[in-house]
Structure formats: structure tokens, C-alpha cells
Amino acid sequence: MRLPILAALAGALVLAAAPALAADACDALAAKVIRITGASLAGREGPFAVFRAQDAERMSLDCRAPARITIASRDREPPRAYFTLVGLAARALTGTDVPGAEVLALNLHQDSLLADAPQRGGTARALMLCETGPRTDGLRDDLTVCRVAPRAGVSRIRRAG
């Protein structure tokens, strides 16, 4: 009789700890984004973190799996520093090469301007979607938006060797 009660208690403790572990993981990822991009934390609620960054109007992190970062600019053709920030954010989230992610963001943005439609692409570790406005959603004042997510099936943990 004691063993089932102990097993149930242990299961309840694990379930109670799950939100705390998720919050800790999101805190760690937000800290990594801050360290790599130079942004500052503007707010955090649940699985979402919002940052202030010099080269973007908005920058947010959604820690729900798969984690993703959204970087937005009010400019239809943002300065090069915006794309550098996208590359740094991609590095923080996925460990990808900053120059490669920066060039990908620039190319997707240019393709989006030409096609007047969102454009998708990726690197070995990151997937990216960039689009140009006008928009009708919650980011309607932002004319350029790039979203970065990890490529499925790619671990951020480096293997020895």
C-alpha cells in the first residue's frame, strides 16, 4: 500500500516541477539572447519574453516548443544593423553562424519585397521567415518582420569529435 502512495506523490512532485523547469529554461534562453544580441529585457510573462533592441522596433521570444524569435522594424527597408540583429538572434536561439543567418535574412527580405509575399529559407540549424508590410495583425505598424526557429531534428548540443 505504501509503494503506490509514494509513486503517486513522486509523480505529483514531477508534475508540479514541470512549469518551474520550463520557466528556468526560458529564463536561460532569454539570458542567452540578451548576452549575444545586446538587447535588454523589457518584460517576461509565462513562455514569452520581450526585449528592447537598438536596431529593431520589437523583438520577442516565444519559449514554447519549438522556441522562436520575432524581430520587427518599422522600416520597409531597414538598415544593415537590423539584419545583423537577426543573425545574432538566430545564433542565440539555434547556434547558427551569424554571417550566414544575416545574409539569409537580407536575401529573404529582398525576395519578399520583390514577390510582395513572405519568404522562407534556412541554414543548417535555423529556419527563417521574412516578410514586408503592410500588415493587418498585431505587428501592423511594422513593415519588416523576420521570425527565426530551430530547424527540426537538429540538436543545439554539440557532439564530441
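Helices here are DSSP runs of H or I with at least four residues, and strands are runs of E with at least two. On that basis, the secondary structure of this chain comes to three helices and seven strands. This is a predicted model, so please take what follows as computed values.

The order of elements comes next. Along the sequence, the pattern reads α-β-β-β-β-α-α-β-β-β.

Now the chain as a whole. It has 161 residues, and 36% of them count as buried.

Two local points on the backbone remain.

Where is the cis peptide bond that joins A65 and P66? P66 lies in the loop between β3, residues 56-62, and β4, residues 68-73. Omega for the bond between A65 and P66 is about -10°.

Phi of D116 is near 55°, which is a positive value in a residue other than glycine. D116 is found in the loop that runs between α3, residues 98-115, and β5, residues 119-122. Is D116 buried or exposed? Its relative accessible area is 58%, and the cut-off for exposed is over 50%, so D116 counts as exposed.

To recap the two sites: the cis bond joins A65 and P66, and the positive phi belongs to D116. P66 sits in the loop between β3 and β4, and D116 in the loop between α3 and β5.

Definitions and conventions: Residues numbered from 1 in each chain as written. Predicted model: local features only at pLDDT ≥ 70, side-chain atom pairs only at ≥ 80, totals over all residues. Heavy atoms only, no water. Buried < 20%, exposed > 50% of the residue type's maximum accessible area, 1.4 Å probe, protein only.
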